[in-house]
Amino acid sequence: RHLGIEGECNIQYALNPESEQYYIIEVNARLSRSSALASKATGYPLAYVAANVGLGIPLPVLKNSVTNQTTANFEPSLDYCVVKVPRWDLSKFLRVSTKIGSSMKSVGEVMAIGRSFEEAFQKALRMVDENCVGFDHTIKPVSDEELQTPTDKRIFVLAAALRAGYTVDRLYDLTKIDRWFLHKMKNIADHEKVLESYNQDESAMPLEVMRKAKQLGFSDKQIALALQSTELA
């Protein structure tokens, strides 16, 4: 309202995780790549609604195209979780810094849908890079220094750190990633250890352990690696 923009507007905020203090980094009066993703994720036609608002038609007059009952100023309610993971092709370029800040460096992104954050998160990581089996602790070694600086591969350093027994509080102090996400990542790392405990005798693995692995987004290949078995088996 202050900037006088009607229709679609994309604003980037910087939020202090310790308080409610925030700054606006940039404003674009257009649809962003994330707007398209949010539109797909919720089934809410952002571009269509924005075009109508730009033409002067108010939200209460517009029908919500998902329900066809409510108006367009209701938020969609969902029973699934969507995770967006950016794709960084930083290794393609020489002399480029792998540090990630507020400037635009991603060349694309993936959108994964699941019943839980863990499932969608692991799916997304596999979609970004086909060589990656999921939240994999073998890609990068543990390093406090690498945990402190956001890079394109830090997520795998986190996996290795959880594997090495780092606590959520210690990881929060190093990364400042919200504890909610760290707990979810810990769920994945903990269950991988449970799976590995059956690698001598996979026939003894209870159905519940297998089901939980699937609910946490483990692929067959990932479970096979933990059990030292094959994907087909």
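The model is predicted, so local features need pLDDT of at least 70 and side-chain atom pairs count only at pLDDT 80 or more, while totals for chains, interfaces and linings use all residues. Residues are numbered from 1 along each chain as its sequence is written, and side-chain values use heavy atoms, with hydrogens and water left out.

**H6 and H7**
- H6 and H7 pack at an angle of about 130°, with axes 10 Å apart; axes are lines fitted to C-alpha atoms, for helices over the stretch in contact, and angles run from 0 to 180 degrees between N-to-C directions.
- That angle makes H6 oblique to H7, as angles under 35 degrees count as roughly parallel, over 145 as roughly antiparallel, 65 to 115 as roughly perpendicular and the rest as oblique.
- H6 passes H7 in a right-handed crossing, meaning that the near helix is turned clockwise from the far one by less than a right angle.

**H5 and H7**
- The axes of H5 and H7 come within 10 Å and cross at roughly 55°, which makes H5 oblique to H7.
- The crossing of H5 and H7 is right-handed.
- From H5, Ile155, Leu158, Leu162 and Arg163 meet a set of H7 residues that includes Leu182, Met185 and Lys186.
- This contact of H5 with H7 has six nonpolar, no polar and five charged residues.

**The nonpolar core**
- The largest nonpolar core has 39 residues; such a core is a set of buried Ala, Val, Leu, Ile, Met, Phe, Trp, Tyr and Cys residues joined through side-chain atoms within 4.5 Å, where buried means under 20% relative accessible area (1.4 Å probe, protein chains only).
- Phe135, Leu147, Leu158, Leu171 and Leu195 have the most contacts inside the core.
- Elements giving two or more residues to the core include strand E3 (81-87), strand E4 (108-114), helix H5 (154-163) and helix H7 (179-196); helices (H or I, at least four residues) and strands (E, at least two) are DSSP runs, numbered from the N terminus.
- Leu147 touches residues including Leu158, Tyr166 and Leu171, not counting residues up to four places away in sequence.

**Around H9**
- The buried residues of H9 are Gln222, Ile223, Ala224, Ala226 and Leu227.
- H3, H7 and H8 are among what covers them.
- Just after H9, Gln228 takes a positive phi of about 55°.

Terms used:
Buried means under 20% relative accessible area, exposed over 50%, partly exposed in between (1.4 Å probe, protein chains only). Contact means heavy atoms within 4.5 Å. Ala, Val, Leu, Ile, Met, Phe, Trp, Tyr, Cys and Pro count as nonpolar, Asp, Glu, Lys and Arg as charged, and the others, Gly among them, as polar.
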